[in-house]
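Here are my notes on the model you sent over, point by point. Have the structure open while you read.

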Amino acid sequence: MIETAGLCFSYGSNPVLKDVNFRAEEGVLVSVLGPNGVGKTTFFRCLLGFLKPSSGRVIINGKDVSEYSKRQLSMQIAYIPQSYNPVFNHTVLDCVLMGLTSSLGLFEQPGRAEEEKALAALEDLGIADLARRGSMKISGGERQLMLIARALVQDARILIMDEPTANLDYGNAYRVMKKISALRDGGYTIIFSSHNPDQALRWSDRVFALKDGGVIADGPADSILSETVLRNLYGIEVAVNTVNAGGSEYRVCTPFGG
Amino acid sequence: MKEKTAYGFKIIILSVCCLAVFFLSFFLGRYDLDFLTVVRILADRLVRLVSFGKLGLMQTWTSAQQAVVVNIRLPRILAAVLIGAALSVAGASYQGMFRNPMVSPDLLGASTGAGFGAALAILLGFSYTGITLSSFVFGLSAVLLAYLVSKASRIQTTLAMVLAGVMVSSLFSAGTGFVKLVADTDSQLPAITYWLMGSLSSVKAKDLTFAVIPILLGLVPIIMLRWRINLLTVSEAEARSMGIETGKLRLVVIICATLMTSAAISISGMIGWVGLAVPHFCRLIFGQDYRRLVPSSAIMGALFLLLTDNVARTVASSEIPLGILTAFIGAPVFMYLIITGGSSRDD
C-alpha cells in the first residue's frame, strides 16, 4: 500500500502540490488525471522518492519513503517512464536484466538465474520472442512492454507509469492497457497518469484528479468522473455516455461545444 | 547458450590475432632479427623474471640483439598494448556515461591538459621523465577543473560536464598555443609539435613502469564494474528507480577513465581516434552490452595500436607520428560505420 499525507511540494517559491492526500491499496489500478503542467510528474517523483516533499509524508507499506535505502525502495516501487529513447541498441533481454542490478553485488553480473527471470517476465508480457532483438528496432508498444518487464523483475509490487500510452497508436495503446490491467489482476498496485479520461473510465478502479496542485476528485472511476468534474478539470464541455460493445457496457467521453 | 559460445569464439579469435601481431611486431624495424633469437631472448627474460634473476637461458645471441629486443622493441610493443587498451576502454566507458556515441576519452580535457603540461615542461627544459610527469599531472588537473566547474554549475550534470570539458580544453589548448609562441623555434618548438602528434618511438622501460600503475588502477575497476556501465546509458530517473547510485558510479568511471587516459597520453603524446573509434568496431562485432564491450575494446584497442604503430615505424624511412596515422586509419573506417549505421545494427 502506498499513501501520502498532507503532501506539499514547491519548486523554489512556486508551489506545485498543495496538501495532497492519496491512498492506493494492494491490487488497484489508479489513474491520475489533470491538465498539462498540473504536477502529475512531480507527484510521481515524490511517490518514487526522487523529490523530497516540502512538507507531508509519502508512506509505502507503513514506512516513510525517506527511510528506505535506494536499493530497498527499488524492491517496493518501480517506475516505467513515458518513453525509452536508447542511445545504444542494447538487446531487449539486456534492458530487462538492468532491472535486476540492485539485487546483484557491486561487482556481480547477471548470470543464468537472472536471465531466466528476465525471460520469464518477457514471457508474461507475451514478448519473449523479442529477447534478442535490439531495443531500438522494436515498436513503441513492444518497447513499453519491455519497460514493464524491466519493472517486474525488480520484484516491486507498486508500479508507477508516466503516461504509458502517450506515444502509442490506438491499437498498441489498447494492447498495453490490457496487459496493465492483467497485472492489476495479478495483485500489482498500479498508478498511471493519462490525458485520456476514456482510458480512466475503461481501465482504472480509481480516479485521482489533480488541478492547481490540489485534489479535485478521488474515487471509483464510474461514479466520480462526472460531466461536472471533467468540465472543471479541462475547461471544456464533455458528455459522458454509455455505449455497448461486444456485449458489455462502457462509459465514454465526448467533448463538444466551444 | 548459443550466443555465449559465439561470443567466446569471437573473443578468442580476437585475442589470437592480438597475440600474433604482438609477436610479429618484434621482427619489424631496421635491425633484422630471426625468429628463434627473439623467442630465446624473450624466454630468457621471462625465466629471469619468474625466478627473480636466479635462472636464465644460455646466451646464444649477441648483446646488441638483446638490446634491440629488450630495451627498444619490448617496451614499445608493451606500450602500444597498454595504451591502446586504456584509451579504448576509457572511450567506451565515456560513451556510455555521457550517453553519446561520439564522445572520446578526452572529452573532459585530459589530452589538452596533458598536451599543455608536456609543452610547458619542454619550454622549461625538463628532463624526459619531467615531461611525462608534468603531462600526467596537467591531464588530471584539467579533468579535475572541469569536474569542479560542473559541480558548481546549476545546469543538469552531464550537460554541465560536457560544457565544462569544452571550456577547460580550449583554455589548455590556448595555453599550449602560447607556450609554442614563446618557445625556441629551433629546438623546443619542433619537440612540442612532435610530442603533440603522438609517438611511441621514445618509450623506455621506465615509462612503462610509470604508466602501468595508473592504467591498471583505472582498468581493473572498470572491468569489474562493467555491467553497471549499462545502467548509465539509461536516464537518471530510470537508473535511480532501479536502485542504482548513478552519481557515485559516474564519479568512479570518470576517475578511472581519466587515470588511464592521462597516463597513456603522458608517455605516448596525443593519440586521437583510438578511444572514439575502437569501441564502435567492437559494438559492430560484439554488440552493446558492456559486459562484452569492455573486454573486447581492451583487446581490440591493443591490436589496433600495435598495427598502427607497426605501420608508423616501418612504412617510411622516418617515423610517422601516431596521431596522424590513427586519424588516417580511424577516420575512413569511422565514416564507413556512420554510413552503414554500424552502431544501431539489429541482431
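1. Start with the contact between the two domains of chain A: eleven residues of domain 1 of chain A are in contact with nine residues of domain 2 of chain A. On the domain 1 side, α2 (70–74) and α6 (170–185) of chain A each supply at least two of the residues that touch domain 2 of chain A. Which helix gives the most to that side? That would be α6(A), with four residues. Keep in mind throughout that this is a predicted model.

2. As for where the bounds fall, the domain assignment of chain A puts 1–76 + 156–221 in domain 1 and 87–151 in domain 2.

3. Now the inside. The largest nonpolar core has 169 residues, and V96(A), I160(A), A86(B) and M260(B) are the ones with the most contacts inside it. Helix α3 (residues 63–97) of chain B gives the most to this core, namely 16 residues. Domain 1 (1–76 + 156–221) and domain 2 (87–151) of chain A both give residues to this core too, so it lies between them.

4. A86(B) deserves a click of its own. Leaving out neighbours within four places in sequence, A86(B) is in contact with I215(B), G218(B), L219(B), M260(B), T261(B) and A264(B). M260(B) is also among the residues with the most contacts inside the core.

5. Next, follow α3(B) to its helix partners. How do α3(B) and helix α11 (residues 246–268) of chain B cross, left-handed or right-handed? The crossing is left-handed, with the axes coming within 9 Å and an angle of roughly 150°. On the α3(B) side, the residues that meet α11(B) include A79(B), I83(B), A86(B), L87(B) and Y94(B). The α11(B) residues they meet include V253(B), A257(B), M260(B), A264(B) and I267(B).

6. The other partner to look at is helix α2 (residues 35–50) of chain B. The axes of α2(B) and α3(B) come within 10 Å and cross at roughly 65°. That angle makes α2(B) roughly perpendicular to α3(B). The crossing of α2(B) and α3(B) is right-handed. Here T37(B), V38(B), I41(B), L42(B) and R45(B) from α2(B) meet Q65(B), Q66(B), V69(B) and V70(B) from α3(B).

7. Two residues have a backbone angle worth checking. Most residues other than glycine have a negative phi. D212(A), however, has a positive phi near 50°, and W273(B) has a positive phi of about 75°. D212(A) is in the loop between β9 (206–211) and β10 (214–220) of chain A, while W273(B) is in the loop between α11 and α12 (274–286) of chain B. Buried or exposed? D212(A) counts as exposed because it has 12 other C-beta atoms within 10 Å, whereas W273(B) counts as buried because it has 23 C-beta neighbours inside 10 Å.

8. Back in chain A, have a look at K18(A), which lies in strand β2 (residues 14–24) of chain A. K18(A) counts as partly exposed because it has 18 C-beta neighbours inside 10 Å. Setting aside neighbours within four places in sequence, K18(A) is in contact with C8(A), G213(A) and G214(A). K18(A) and G214(A) are 196 residues apart in sequence, yet their C-alpha atoms are 5.4 Å apart in space.

9. V38(A) sits in the loop between β3 (29–33) and α1 (40–47) of chain A. V38(A) counts as buried, because it has 22 C-beta neighbours inside 10 Å. Not counting residues up to four places away in sequence, V38(A) touches L210(A) and K211(A).

10. Last one: T5(B), in helix α1 (residues 2–24) of chain B. T5(B) counts as exposed because it has 9 C-beta neighbours inside 10 Å. T5(B) and I267(B) are 262 residues apart in sequence, and their C-alpha atoms are 38 Å apart in space.

How values were computed
Residues are numbered from 1 along each chain as its sequence is written. Chains are lettered from A and ligands numbered from 1 in the order in which they are written. This is a predicted model: local features need pLDDT of at least 70, side-chain atom pairs count only at pLDDT 80 or more; totals for chains, interfaces and linings use all residues. A nonpolar core is a set of buried Ala, Val, Leu, Ile, Met, Phe, Trp, Tyr and Cys residues joined through C-beta atoms within 7 Å. A residue is buried if 20 or more other C-beta atoms lie within 10 Å of its own, exposed if 12 or fewer, and partly exposed in between; C-beta atoms are placed from the backbone. Domain bounds come from an automatic or database domain assignment. Two residues are in contact if their C-beta atoms, placed from the backbone, lie within 7 Å. Axes are lines fitted to C-alpha atoms, for helices over the stretch in contact, and angles run from 0 to 180 degrees between N-to-C directions. Angles under 35 degrees count as roughly parallel, over 145 as roughly antiparallel, 65 to 115 as roughly perpendicular and the rest as oblique. A crossing is left-handed if the near helix is turned anticlockwise from the far one by less than a right angle, and right-handed if clockwise.
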